[in-house]
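Please open the structure in a viewer and keep the selection panel at hand.

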Amino acid sequence: MPELPEVELVTRFLRSLVCGQRIVRAELVRARLAPHSTPEEFAGALSGTQIKLVARRGKHILFSLDNDRTLVTHLRMSGRFMLLNSDDENPRFTHAVFHFQDGVRLVFQDQRHFGFMRIARTTEIADLPEVKKLAPEPLSDEFSVEYLRASLRASNRAIKEFLIDQSRVCGLGNIYAAEALFLAQVHPSKRTSTLSRQRTALLHQAIREIITEAIDAGSTLNADPSDSDSAYYGGEYERYWRVYAREGLPCVECGAAIKRLKQAGRSTFYCPKCQKR
DNA sequence: ACCCTCACCTGCACGC
DNA sequence: TGCGTGCAGGTGAGGG
């Protein structure tokens, strides 16, 4: 489910909810969630530590602890953090639990079992393979038009596939890649190396715009991950989509019917009139 | 080095 | 109602 904007919102909520909390006890319920450690090692490394910072890198959420370790997490498709009280039961598909003082606990729940956690030394986070490969943060100065242009020219794939490759542009997934291409009026099948300088600048702007817009929209909606009525999980975001999941519906710009095509096994949505090859 | 397909899971919408 | 099929927003491993 989550792409950069959603992960950013979850990170902000977690930061406000669990920063400074001490993990009295940690449980790895499903061992394969954290394949680099045994459940005992996982519990041992976290129990008794205090959460100092909650940060985001790409679609990863990082909890840095007061023992020079960082818990690296990824929600993948269906991962979700929930803050529960002692009278709440663990939901189905609970894979990890972090107990705080006063019976409050943070639960990691993941229906599709794709989520991922790993504990690493804080000083070594940047060298972890899954972090090291990430392109610059799209809202950072490092993600410049020049960076994007060089990266586009180094490849010749369909641009939509390029945009969801985290080592090229990080944070976009299937939805926001389609949305950014619509904003920049670029056809998803266009080859990356054929993008003009001017169109590259438009795409660069569109990527930042689409991410910023989604974060802003989310922060005004109820995107609290600990709330089961959260707009984020309730699908409120969908009303911001211009092309995604709108096959057959009229384009918001020109009225033409939105089309769908399959790229690398995934659906892409686009306006056949607005988006040129 | 790149590019593509598949696998990892469960649930849901759909058609028969 | 029940069952089979295909699909879902992410990513890595493994093949060519």
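Begin by selecting helix H6, residues 174–184, in what is a predicted model. Of the 11 residues of H6, 10 are buried, so the helix is largely enclosed by the rest of the structure. To see them, colour Asn174, Ile175, Tyr176, Ala177, Ala178, Glu179, Ala180, Leu181, Phe182 and Ala184, which are the buried residues of H6. Then step past the end of the helix to glutamine 185, which follows H6 and has a positive phi, near 60 degrees. As a rule, most residues other than glycine have a negative phi.

**The nonpolar cores**

Next, display the largest nonpolar core, a set of 37 residues. In general, nonpolar side chains of soluble globular proteins tend to be buried together. Leu148, Ile159, Leu163, Val169, Leu172, Leu203 and Ile207 have the most contacts inside this core. Two or more residues of the core come from each of helix H1 (4–18), helix H4 (145–153), helix H5 (159–163), helix H6 (174–184) and helix H7 (197–220). Which of these elements gives the most to the core? It is H6, with 8 residues.

Centre the view on isoleucine 207. Beyond its neighbours within four places in sequence, isoleucine 207 is in contact with Pro138, Phe143, Leu148, Leu163, Val169, Leu172 and Ala180. Another core, of 26 residues, lies apart from the largest one; Phe63, Ala96, Phe98 and Phe100 are among its members.

**DNA strand C**

Now show DNA strand C together with the residues around it. There are 19 of these residues, and Lys59, His74, Asn174, Tyr244 and Ser267 come nearest. Of the atoms of DNA strand C that come within 4 Å of the protein, 67% belong to sugar and phosphate. Highlight H6, strand E9 (259–263) and strand E10 (266–270): each supplies at least two residues of the surface near DNA strand C. By residue class, this surface divides into 5 nonpolar, 5 polar and 9 charged.

Three side chains deserve a distance label to a phosphate oxygen of DNA strand C:

- Asparagine 174 places a polar side-chain atom 3.1 Å from a phosphate oxygen of DNA strand C. Asn174 is also one of the buried residues of H6.
- Arginine 260 has a polar side-chain atom 3.2 Å from a phosphate oxygen of DNA strand C.
- Glutamine 166 has a side-chain N or O atom 3.4 Å from a phosphate oxygen of DNA strand C.

**DNA strand B**

Of the atoms of DNA strand B within 4 Å of the protein, 73% belong to sugar or phosphate, and the rest to bases.

Here too, label the distances to phosphate oxygens.

Select serine 64, in strand E3 (residues 60–65). Is serine 64 buried or exposed? It is buried, with a relative accessible area of 14%. Not counting residues up to four places away in sequence, serine 64 touches Gln50, Ile51, Lys52, Leu53, Arg69 and Thr70.

Move on to aspartate 68, in the loop between E3 and strand E4 (69–74). Its phi is positive, near 65 degrees, and aspartate 68 is exposed, at 57% relative accessible area. A further stop is histidine 113, in the loop between strand E7 (105–110) and strand E8 (116–121). Histidine 113 also has a positive phi, near 60 degrees, and is partly exposed at 34% relative accessibility.

**The cysteines**

How many disulfides does the structure hold? The count is 0. The closest cysteine sulfur to that of cysteine 251 is in cysteine 271, at 3.7 Å, which is too far for a bond. For cysteine 274, the closest cysteine sulfur is again in cysteine 271, at 3.6 Å, also too far for a bond. Cysteine 251 is buried at 5% relative accessibility, and cysteine 274 is buried at 12%.

Conventions: Residues are numbered from 1 along each chain as its sequence is written. Chains are lettered from A and ligands numbered from 1 in the order in which they are written. This is a predicted model: local features need pLDDT of at least 70, side-chain atom pairs count only at pLDDT 80 or more; totals for chains, interfaces and linings use all residues. Side-chain values use heavy atoms; hydrogens and water are left out. A residue is near a molecule or strand if one of its heavy atoms lies within 4 Å of it. A nonpolar core is a set of buried Ala, Val, Leu, Ile, Met, Phe, Trp, Tyr and Cys residues joined through side-chain atoms within 4.5 Å. Buried means under 20% relative accessible area, exposed over 50%, partly exposed in between (1.4 Å probe, protein chains only). Helices (H or I, at least four residues) and strands (E, at least two) are DSSP runs, numbered from the N terminus. Contact means heavy atoms within 4.5 Å. A disulfide is a pair of cysteine sulfur atoms within 2.5 Å. A polar contact is a pair of N or O atoms within 3.5 Å; within protein, one must be able to donate a hydrogen and the other to accept it, and residues adjacent in sequence count only if both atoms are side-chain atoms. Ala, Val, Leu, Ile, Met, Phe, Trp, Tyr, Cys and Pro count as nonpolar, Asp, Glu, Lys and Arg as charged, and the others, Gly among them, as polar.
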